[in-house]
Amino acid sequence: MKLSKIFYFSMLLGVSLLVLVGCNSKNIVPVSGTVTIEGKPVANVRLTFRPVATDKAGTNAGFGAIGTTDANGHYEMEIVSSTKESKGASVGQNRVKITLLSNASKTASLPSMTTGNTPTENTIPVFPWGAREVNTTIEIPAGGTSSADFALPLANENMEEPSP
């Protein structure tokens with residue numbers, strides 16, 4: 001009976017330490033910015049940040065984060081985790097995916113968007129130049145940043161074209 005209590009206590013302590021070590025919030029910093037297309041702010045753009053692994057095993061990447069632009073094209077990143085809710089993003093190199101939400105054209109006039117390119121509820125919206133998403137990277141400094149701005153279209157970045 002005593003062995004059973006010691007075993008369970010040891011397991012609880014071990015799991016608690018793993019959770020505390022794995023959820024190191026000092027690597028989460030405030031990150032915000034603005035998204036523009038052809039110099040104009042765009043609402044309802046989704047940004048996804050995925051930290052790049054820093055160890056050789058590729059396991060110590062940190063928490064992913066998401067943000068959505070408001071009517072002024074401004075966004076704030078928030079951590080994506082089932083155990084953690086906080087504003088910000090992981091320090092270091094992050095992969096960034098930028099997509100339009102389906103209601104982007106309903107709330108903001110997208111520059112150079114033609115009526116044939118207007119998203120409906122049953123289609124995946126595309127940027128005015130025909131891409132469904134923009135992929136790039138960003139380095140998040142240890143102190144965070146309020147100027148993680150993206151001026152689209154980006155020169156020489158990976159833009160996924162829609163299938164015919």
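Trainee: Before we start, how are residues numbered, and which pLDDT do local features need?

Mentor: Residues are numbered from 1 along each chain as its sequence is written, and side-chain values use heavy atoms, with hydrogens and water left out. Because this is a predicted model, side-chain atom pairs count only at pLDDT 80 or more, totals for chains, interfaces and linings use all residues, and local features need pLDDT of at least 70.

Trainee: What percentage of the residues in the chain is buried?

Mentor: A residue is called buried under 20% relative accessible area, exposed over 50%, and partly exposed in between, with a 1.4 Å probe and protein chains only. Of the 164 residues in the chain, the buried ones make up 36%.

Trainee: Which residue forms a salt bridge with E133?

Mentor: A salt bridge is a side-chain nitrogen of Lys or Arg within 4 Å of a carboxyl oxygen of Asp or Glu, and a search of the whole structure finds two of them. One joins E78 and K87, with the closest N and O atoms 3.3 Å apart. In the other, the closest N and O atoms are 3.9 Å apart, and the partner of E133 is K97.

Trainee: How many residues apart are E133 and K97?

Mentor: In that pair with closest N and O atoms 3.9 Å apart, E133 and K97 link distant parts of the chain, E133 lying in strand β10 (residues 133-140) and K97 in strand β9 (residues 92-100). E133 counts as buried at 14% relative accessibility, whereas K97 is partly exposed at 36%.

Trainee: In β10, which residue does K97 stand opposite?

Mentor: Two strands pair if DSSP finds at least two bridges between them. Strand β9 runs antiparallel to β4 (residues 45-51), joined by seven bridges, and K97 is the bridge partner of T48 there. Strand β9 is also joined to β10, again antiparallel, by eight bridges, and in β10 K97 stands opposite N135.

Trainee: Is Y75 buried or exposed?

Mentor: Y75 lies in strand β6 (residues 74-76). Contact means heavy atoms within 4.5 Å, and, not counting residues up to four places away in sequence, Y75 touches residues including V31, L47, F49, T69 and F150. At 1% relative accessibility, Y75 counts as buried.

Trainee: Which residue has its backbone oxygen 2.4 Å from a polar atom of the Y75 side chain?

Mentor: A polar contact is a pair of N or O atoms within 3.5 Å; within protein, one must be able to donate a hydrogen and the other to accept it, and residues adjacent in sequence count only if both atoms are side-chain atoms. Among the residues that Y75 touches is A148. The backbone oxygen at 2.4 Å belongs to A148.

Trainee: Which residue has a backbone nitrogen that the T69 side chain reaches at 3.0 Å?

Mentor: T69 lies in the loop between β5 (64-68) and β6, and it is buried, with a relative accessible area of 4%. A polar atom of the T69 side chain lies 2.8 Å from the backbone oxygen of V42. The backbone nitrogen reached at 3.0 Å is that of N44.

Terms used. Helix = DSSP H or I, 4+ residues; strand = E, 2+ residues; numbered from the N terminus.
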